[in-house]
Number of protein chains: 2
Amino acid sequence: MDEHEPDEIRSWSGDFDPLADNAERRVLFAAFDSFRQYRRTAHMNTTHRRRQAFYALPSAHWQMLSEPPFSILDNFNRVDDAIDVNADIADAILTTGLSSFGLSANPDPNDPRENWHGTATQSDVNKAHSTLRQFYRDWSQEGQAERDVCYGPVLSDLQNEFGARIGSEDEDEVRVLVPGAGLGRLVFEICRQGFAAEGNEISYHQLLASSWILNHTLGPQKHALHPFALHFSNLLSREQQLQEVKIPDQHPGTAMVEAQANSAPFGRMSMSAADFTVLYTNPSNKEVFDAVATVFFIDTAPNLIRYIEAIRHCLKPNGLWINVGPLLWHFEDGSNRSQHGGSEEDQGDQGIGEPGNVELTEAEVFCLVERMGFAIEKREAPHERSMCGYIQDPNSMLQPLYRPSHWVARKQNV
Amino acid sequence: MDEHEPDEIRSWSGDFDPLADNAERRVLFAAFDSFRQYRRTAHMNTTHRRRQAFYALPSAHWQMLSEPPFSILDNFNRVDDAIDVNADIADAILTTGLSSFGLSANPDPNDPRENWHGTATQSDVNKAHSTLRQFYRDWSQEGQAERDVCYGPVLSDLQNEFGARIGSEDEDEVRVLVPGAGLGRLVFEICRQGFAAEGNEISYHQLLASSWILNHTLGPQKHALHPFALHFSNLLSREQQLQEVKIPDQHPGTAMVEAQANSAPFGRMSMSAADFTVLYTNPSNKEVFDAVATVFFIDTAPNLIRYIEAIRHCLKPNGLWINVGPLLWHFEDGSNRSQHGGSEEDQGDQGIGEPGNVELTEAEVFCLVERMGFAIEKREAPHERSMCGYIQDPNSMLQPLYRPSHWVARKQNV
């Protein structure tokens, strides 16, 4: 998406240079290293240890299960092939990411400011795995059903409120903020409607992956992904395990070119890499957005009050806050704090790394939102809610389904 | 259930005395200790650390959230009350369990053959917590929907095959084995239909809890349980979190007395405490059961072939194997081996502690069952399957739902 390269570069090289801060550089390096390690760790943890466990069965047993119709060993080989296909995506994310930071794929091992190899922890590697799986949800045709439940209401609410302003010469652009933008699909869909969308994301795993899919893939359906290949439980058949999807189902660059050719509106797109509560309570972000869309986001807050303060601060008077999501509080045990390093001396900027946390019910969230200067104009009753999986194989014998809350609040003028 | 006291005593004091084996005694002691620790660990992990995290919020925030309509601190107090109600059940399980083994509640701390205090690991304590929650599924009216999906098909299959034999003077009793009997509800329901049911269970947590509910509660609805009080995510309201259920919804002793008064059949009930694959491949168990009912059980096998061998061995010719459940393989990483100690010198008896494991798909399970001497007479297609939670709050915004497989196989005469 050539038109947006300047935005991308700005987002990495703006006010804050992660390479200049030791703690932040460590987090970035670990994200790079986790994508580098995807191929090796996936083979090791998925097929290698399963082959060992398989050969540890009594020999008559593993021999029978090696032959048709079971052919368990052949399936391990097919899973290895699927892992290699997935790992090609991890490598592509790594390559474009290193390039955008001017880092070498083979750094000087003795220079700690350059050498990112070997810095990933198990937790970083797990994040690389889950980030790759997320392409199923955000950028495959097969993930459409999950997106319809989560992004559909946001797009419809934005259209109802601001649709008339699109294409009007007299009106300013409609600016929408998407905190927790993840792999960027909602940001892209909002721009496709003609609105200007700014995604905010704190995870380098997500930022590197979204930068690749938004800016560096060559066209629609160019990359194969096996989102469920690494999981061996609750399967009806091996075909189910090895299902392949193609990404991106919609190619951002192509979509923009088509919009221009048809004189259709396509909004400005940008991404910010920062702690949400810190960046959007900054004076430069006072009353600049017409709407904030939080999707599967508010339960990442240890202290929801901070999120509400930031949303209120950056919304224009009468601005709209649209929310879709459950309340799976991420910070229950305080063990899952900000993945970014942050500067330890700067207590005022610690954002979600601030101590303390609380887990509210939906009824309490409604009270808090209204008490903090919003009027809730719309809320779905529990029985009206659609259910959806989260990166969920629809054929699995286990379906963890969300019944996300959907509501719309308007900033009140006090 | 006085009539069954002899059975209960036999099950603890039969061929194998767990107190005589060091490793086995250690596992039993840890189970006792985990119920003793329920009250303290639940308060500590649930409310104590949440109060700390709450007071770590900025003081203006926690003060606002302490007042109505939030009253977060009052809710912590209500959760503490709910924990105490649950802990009364843990204490009752402990008291009846110690008594049946002739152990003291206050053992000599210097005698390792007596002193069971302080032996539970974190994993043991977690098992005590999940065992208590399981009463929701097996012994509350509210758990009926989950039981209907899982036990309903078994009862209906048994009735179709053996119903005509009930109450007939000429016929022997119909003997049904329930491996992984858990808290005993399916065993009880099978006996209520007039069949003789033998439950098998390896977990002392489950055995102690099932012994209490089957033999030692005073009547229906005598004990309150707050199954969801310890969980703070995906709640619509606090009422939902603090929901109370009463157990047992059906009192086993009362049900038996009523059956006798009405001259209705009530089958013989027994429980065995052992590794399934070891006990039921024993010559004493050759061809003694008319049916085996496995519910949410076969995926506990590291090596399903061993389970099938045991089922085939203990079934009479033409006997029926009824299965309901998903394929959430429990042994994926080999880290979850037999909870019982086992005798290390006796390699032949290690049962599910044997090395090696494999995870099959449903299609592969069907092939294996038929290859090993069964004919599958009935199987539900995926679209025919009912969904059910597993100890699931039906109002939660997250619903992990199973679509369990249900099939019936008949032992072939070779």
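Biologist: In which order do the seven strands of the open sheet in chain B stand?

Modeller: Helices (H or I, at least four residues) and strands (E, at least two) are DSSP runs, numbered from the N terminus, and two strands pair if DSSP finds at least two bridges between them. In chain B the seven strands of the open sheet follow the order β5-β2-β1-β6-β7-β10-β8, with mixed pairing. The strands β5 (269-273) and β8 (374-379) of chain B stand at the edges with a single partner strand each, so one side of each has no neighbour in the sheet. The twist from one strand to the next averages 20 degrees, where axes are lines fitted to C-alpha atoms, for helices over the stretch in contact, and angles run from 0 to 180 degrees between N-to-C directions.

Biologist: What should I keep in mind about the model and its numbering?

Modeller: This is a predicted model, in which local features need pLDDT of at least 70 and side-chain atom pairs count only at pLDDT 80 or more, while totals for chains, interfaces and linings use all residues. Residues are numbered from 1 along each chain as its sequence is written, chains are lettered from A and ligands numbered from 1 in the order in which they are written, and side-chain values use heavy atoms, with hydrogens and water left out.

Biologist: How many bridges join strand β1 to strand β2 in chain B?

Modeller: Strand β1 (residues 175-179) and strand β2 (residues 196-201) of chain B run parallel and are joined by five bridges; in β2(B), Gly199(B) is the bridge partner of Val178(B). Helix α14(B) packs on this sheet, touching β1, β6 (289-295), β7 (315-325), β8 and β10 (405-411) of chain B, and its direction makes about 140 degrees with that of β7(B).

Biologist: How many residues of chain B are in contact with chain A?

Modeller: Contact means heavy atoms within 4.5 Å, and by that rule 60 residues of chain B are in contact with 60 residues of chain A. Buried area is the accessible area (1.4 Å probe) that two parts lose on being put together, summed over both; the two chains bury about 5,100 Å² between them, 58% of it on carbon and sulfur atoms. The rule finds four salt bridges across this interface, and Arg50(B) forms a salt bridge with Glu359(A), where the closest N and O atoms are 2.5 Å apart. Among the elements that give two or more residues to the side of chain B that touches chain A are α3 (38-55) and α15 (362-371) of chain B, and α15(B) gives the largest share, six residues.

Biologist: In which sense do β9 of chain A and β9(B) pair, parallel or antiparallel?

Modeller: Strand β9 (residues 398-402) of chain A and β9(B) pair in the antiparallel sense over five bridges, and Tyr402(B) is the bridge partner of Leu398(A).

Technical notes. A salt bridge is a side-chain nitrogen of Lys or Arg within 4 Å of a carboxyl oxygen of Asp or Glu.
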